[in-house]
Each structure stands twice: as C-alpha cells, then as structure tokens.
Amino acid sequence: MKILVCISSVPDTTSKINFAEGDTKFDTNGVQFVINPNDEFGLTRAMWFKEKQGAAVHVATVGGAQTEPTIRKALAIGADEAIRINAEPTDGFFVARQLAEVVKNGGYDLVIAGRESIDYNGGMVPGILATLLDMNFVNTCIGLEVDDSGATAMREIDGGKETISTSLPLVVGGQKGLVEESDLRIPNMRGIMMARKKALNVVEPIDAPKLTNDQKFEKPAAKGPVKLVDAENVGELVNLLHNEAKVI
Amino acid sequence: MSVLVYTESDKGKFKKNALEVASYAHKVAQELGTNVTAVTINADDDASLGNYGVSKVLKVTNDQLDTFNAKAYANTIAQGAEAEGAKVIIISSSADTKFLGPILTAKLNAGYVPNVVAAPDSTSPFVVKRTAFSNKGFAHTEISSETKIVGVSNNAYGVHENTVSASVESFSPTLGDSDFTTKSIEIDKVVGKATIADADVVVSGGRGLKGPENWGMIEELAEVLGAATACSKPVSDLGWRSHGEHVGQTGKPVASNLYIAIGISGAIQHLAGVSASKTKVVINNDPEAPFFKAADYGIVGDAFEVVPKLIEKLKEFKAQNA
Ligand SMILES: Cc1cc2nc3c(=O)[nH]c(=O)nc-3n(C[C@H](O)[C@H](O)[C@H](O)COP(=O)(O)OP(=O)(O)OC[C@H]3O[C@@H](n4cnc5c(N)ncnc54)[C@H](O)[C@@H]3O)c2cc1C
C-alpha cells in the first residue's frame, strides 16, 4: 500500500494571533510552526499501517521553503519521502489542485489529510481532492482499518459516530481518534539523523485558479471584565443569567 | 438565478440550522433581487419553509437517500443548483454538510467559504465574514468564482421569519452506483439528548472534576437546562468522556447561547473552541484560572459545592417560571 499524508504547517496551538500590513496578512513574527494537529493523528495512523501491515508513507505539503522544518519533522517521525509543492497555499481549492497532481503522479492508494487546518479552518482540501481524483472520501475520520477486501472507516457525526465501509483508493479527512493522543510520536535522535538522508523533493506548482481571497483580517472585540458572583450566593447567578444575559 | 439553500432534515423534520440557513438565503436573495429555492431530501413539511423566506422547494423523495451519503447528497444539491441556474448556494455547518460541502464545491468549481458568521459584507464583490485561526480571528473573504458556496456557522445568523408562499415541486436527481461507493453500516448516536452542535446551552466539565464518577452533577445540571454536555481535552484523553464531547481547537467548536465551564482552566486551545458562544460562565476554585478572563460570569469556588447549589436554584427558578 502506498500512502500519502498531507501536512499543513500551522502556527503552534498556543500562538497569539496578530495581523500585519494593514490587517491583510497573518503576522508570523515570533510564531512557531508545527505539523497541523489533525494531520499528526493521520501521520501516526499511517506509521501504524507501515509497521503493522507494510506500507510506503510519503508526506506532501504546499508551501514555501520555510515549511521544510515541519515536513522534516514528519520524516523524522518515520515517513519515507517528502514532497514540497513550492507555492503559497492561498485557498483550499488551489491547495487541493496541487495535491491532486501529486496523488495522480504518485499512484497512492490511501491519502490521509487533516479534517481541517487550525489556521484558516477551511476543512475542504480532503473533500475537493477526493472529488477531483474520483476517489472515495470519508470526513472527520476517527478510526480506519484497511485490508485486502476494502476499508472500514469510522467518522464523527453530530451526537455520535458512524461506521462506513468503502474501498481504496480512499481519501480521509482525519482527526483525533484516528490514533490515541498518547500514541503520537516525538522524533528521536536517530529519526532526526535518518531524516537528513531522506528525499525531500521540491516540485513546482501547476496553474490553478484561486476562487477565494482573504481581503482583511480582524481580531475579536476585546471583552469586558468578568462579573464575579459569590459562591455563597449562587441564586444571584441564576438571576443574572435570566435578567441580564437573558439566556435562561 | 435564485439563491439555492440546502435545508437539512432528520427523520423528515427540518433541523434548526435548516431554518437558519433559509433565513440567511432570504437575506442574500433580497440583496441580489431574487428568490430562494430550497432543496429538501426526504423532508415532510416542505411548505413550512415559506415561513423563512423560501419561495420554491425542490422536493427530493428517494429511499436511497434515507441515510446520509455525502457524495449522493452533494450530487443531488449540485443538480438542483444546475436546474435552477443558481450561482449562490447556502449550506449549514453541521458535520454532514461539512462532509458534502467540499464535494459540492469541486463538482461545481465553486469557491466555498465555511464558518461564515454574518450576512455578506457586500454581494458585489461577494465578501463574507468568517472565523479563522480557530476563532482567534475573523477573515473577510471574497468569493471570486462565478458559483459561490457559503457555509453558515450554527447560531451565528439566527432564525428569522419572513413569510412568503412556497411552491413545492418534486425533483428527481439522476444518481447511479458511483454515488454510493461508501456505505453506512452502523450509526451510533445518542438519541433524545441535545448535541453540542445544535444545543443552545452547553455544560462542560474539565479535569477539575477529578473523575468520571463525578459527572452525575454535570448531567443533572445539563438536564435542568436542557443542555448538551461537553468536556475539555484531557477529560476525553483520560477516557472519562467520549471523544465526541471534547471541545476546542482540536475538538468541537461550540456556538451556544450559554456555555458553562466547570473545573476547566481555560487553556488557549480550549478557549478557541468556545469563543463563539454568547455568554460564558466559569466555575473554578482557582481565581487565577485563565478562563475568568474570557468569561462573562464567574464563581470562584469548589465545583462540588457550587454545582449542586446551582442545580437547586435552577430547579426553583424553573418551578417559578413554569
Ligand atoms: C496541540 C494541542 C491541542 C489542544 N487542543 C485542545 C482542545 O481542543 N480542547 C481542550 O480543552 N484542550 C486542548 N488542549 C489542551 C489544553 O492545553 C489544556 O491542557 C486543557 O484544556 C486543560 O483541560 P482542563 O482545564 O480540564 O484541565 P486542567 O488544566 O488540569 O485544569 C483543571 C481546572 O480545574 C480547576 N479545579 C480543580 N479542582 C476544582 C474544583 N474542585 N472545583 C472547581 N475547579 C477545580 C483547576 O483550578 C483548574 O483550573 C490542547 C493541547 C495541545 C498541545
């Protein structure tokens, strides 16, 4: 089995978000970039397939040279090869078009992407990719088994979960649940050394239109101070929720 | 050239988000000087959408679509859009529509913006406001493609009545085997309980509750309020509650009217998931807990003392206001 894991390089989850250039750009000053958490679950599941069932695992990202430390980390965790498509990831459609090209040329059976990236939260790359390539697709995937007869995927639905049976080639939009948090791997020294020798292929993007364009960003309005209620006077909270906030 | 809206239903009954997206579509149609057409799938009371500004319903009745199937549903909506020549399509942000949305986008070669929180800034150019950076910011995004898809966040725009009379036409999409290459084999859903995605009130517990055996009071508080229950990430990692209840940047977003956080510190990744909620209440024994900075109301105190009192007071309140 040949697996491609799509990796998005995103601001670390603790990052403070600021905007620059007249609020038209995300301010990367002082921001640490990491593997998108949803992708990290997918990468770890791919490593499981590699180790337990035998699979080649490649990773791909759409991004400039500054994203290389992030994909090197994926190599250090155990991916066999990396591909960087040398373009700014401007919108979901554009990114999916670039990745589709890689999947087509690489002949992958399984593509694992994150259900969404935690920066722009578009949540559309895996679904567009699957549709462009006419591959099966399961979103918000929280469990995945693949064998000779096909694939069984579990996905999160509102208020529960659904088990889906399908076949390869398959694209999943993965998230926490694909593997346990405790199974996520931190690269060790040996992995980091080996990663240096692994191929990181840079390919140029194909022409693809951008269908959406972020014109301006803003931060949520500052919040007023919290109104504290004495623990001995809980009834006052009920009163405030009813009369002031009008939510009960 | 009408605005097309996909109105989701469950066992024939429209979901609350269906009425919300219909209301949103009406607003957009007014600005564009056109009408709203809805696609409904195995829904019962189609004409009722007229109360929310829908003037035409493409009613799909098809046993194969009784269970949600993303590809087949996306294909159905795409055919509805083509039949109507619709260039603007409005969908919700449920787990199912977020599944079919990207498929629909690719089929129609349409720009898609999910997580939209307000009526368009303008319709020419078409610019919408959406959340980004896991609710730590907003983006004003232009959709420049000819066909445009807007995914409206739950509870962001609200349900607005706009009464028109709705004509109902049956509509039969052409679907084939290739639309059903994924098969639902089991659905495991908590029934009869509010879900985080559409609850008006969410009661959430964190590691401060010490163990799963203490969730009885969280459940009871939720029951009194008609609320859904949720939790912080370590709580689901520890297996005290299911993964589906975990709220935050890597979990579920919550956009309820009221979010009550009990024994949750308010780490930045947790807050990212709840900032779209309108009123936030925090109960925590540590006055320095970061959640107090993000909350509207707070009680500094031991959850094991405060929550039972709160349940009691809410019961009294309910009895008086029944
Ligand atoms: C990549 C990444 C992604 C993450 N994503 C998420 C996410 O999506 N959602 C999420 O929630 N977290 C997420 N986290 C984890 C997050 O950083 C915090 O660890 C987590 O939110 C803390 O959960 P907690 O508040 O329940 O627990 P704790 O931090 O242990 O806090 C417990 C709180 O309970 C209070 N308390 C203790 N006893 C009592 C009592 N008797 N009465 C009242 N209060 C009491 C304490 O004062 C404390 O404030 C993520 C972390 C990382 C690294």
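## The ligand and its two chains

An oxygen atom of the ligand sits 3.0 Å from a polar backbone atom of B:Lys233. Keep in mind that this is a predicted model. The ligand itself lies between chains A and B, and those two chains bury about 6,800 Å² between them. The notes below start with the ligand, move on to the interface, and end with a few local details.

**Around the ligand**

- There are 27 residues around the ligand, and the ones that come nearest are B:Arg207, B:Ser232, B:Ser265, B:Gln269 and B:His270.
- Sorted by class, the shell around the ligand has 16 polar residues, six nonpolar ones and five charged ones.
- Three helices of chain B each supply at least two residues of that shell: helix 5 (233-237), helix 6 (268-274) and helix 8 (303-321).

- Besides the backbone of B:Lys233, look at B:His246: an N or O atom in its side chain is 3.0 Å from an oxygen atom of the ligand.
- A nitrogen atom of the ligand is also 3.4 Å from a polar backbone atom of B:Gly208.
- How much of the ligand does the protein cover? On its own the ligand has 990 Å² of accessible area, and the protein covers 78% of that.

**Where chain B meets chain A**

- Chain B puts 83 residues into the contact, and chain A puts in 72 residues.
- Of the roughly 6,800 Å² buried between the two chains, 58% is on carbon and sulfur atoms.
- On the chain B side, B:Phe99, B:Phe133 and B:Tyr297 lose the most area to chain A, and together they make up 12% of what that side buries.

**Polar pairs and salt bridges across the interface**

- Between chain B and chain A, 42 residue pairs are in polar contact, counting pairs with both residues at pLDDT 80 or more.
- Helix 3 (residues 95-108) of chain B gives the largest share of the side that touches chain A, with nine residues.
- By class, that side of chain B has 34 nonpolar, 30 polar and 19 charged residues.
- Side chains of opposite charge can pair when their charged atoms come close.
- The count of salt bridges between chain B and chain A is eight.
- One pair to look up is B:Lys252 with A:Glu156, a salt bridge whose closest N and O atoms are 2.6 Å apart.

**Salt bridges in the whole structure**

- Over all chains, a search of the whole structure turns up 28 salt bridges.
- In chain A, the side chains of A:Arg84 and A:Glu68 meet in a salt bridge, at 2.8 Å from N to O.
- That pair links distant parts of the chain, with A:Arg84 in strand 7 (residues 81-85) and A:Glu68 in helix 2 (residues 68-77), 16 residues apart.

**Backbone details in the loops**

- A:Pro169 is in the loop between strand 11 (160-166) and strand 12 (170-174) of chain A.
- Chain B has a cis peptide bond from B:Ser124 to B:Pro125, with omega near -5°.
- You'll find B:Pro125 in the loop between strand 8 (122-123) and strand 9 (126-132) of chain B.
- B:Lys11 has a phi near 50°, a positive value in a residue other than glycine.
- B:Lys11 lies in the loop between strand 2 (9-10) and strand 3 (13-14) of chain B.

Technical notes:
Residues numbered from 1 in each chain as written. Chains lettered and ligands numbered in written order. Predicted model: local features only at pLDDT ≥ 70, side-chain atom pairs only at ≥ 80, totals over all residues. Heavy atoms only, no water. Near = heavy atom within 4 Å. Polar contact = N/O pair within 3.5 Å; in protein donor to acceptor, adjacent residues only side chain to side chain. Areas by Shrake-Rupley, 256 points an atom, 1.4 Å probe, with all protein chains shown as cover. Helix = DSSP H or I, 4+ residues; strand = E, 2+ residues; numbered from the N terminus. Nonpolar A, V, L, I, M, F, W, Y, C, P; charged D, E, K, R; others polar. Contact = heavy atoms within 4.5 Å. Buried area = accessible area lost by both parts, 1.4 Å probe. Salt bridge = Lys/Arg side-chain N within 4 Å of Asp/Glu carboxyl O.
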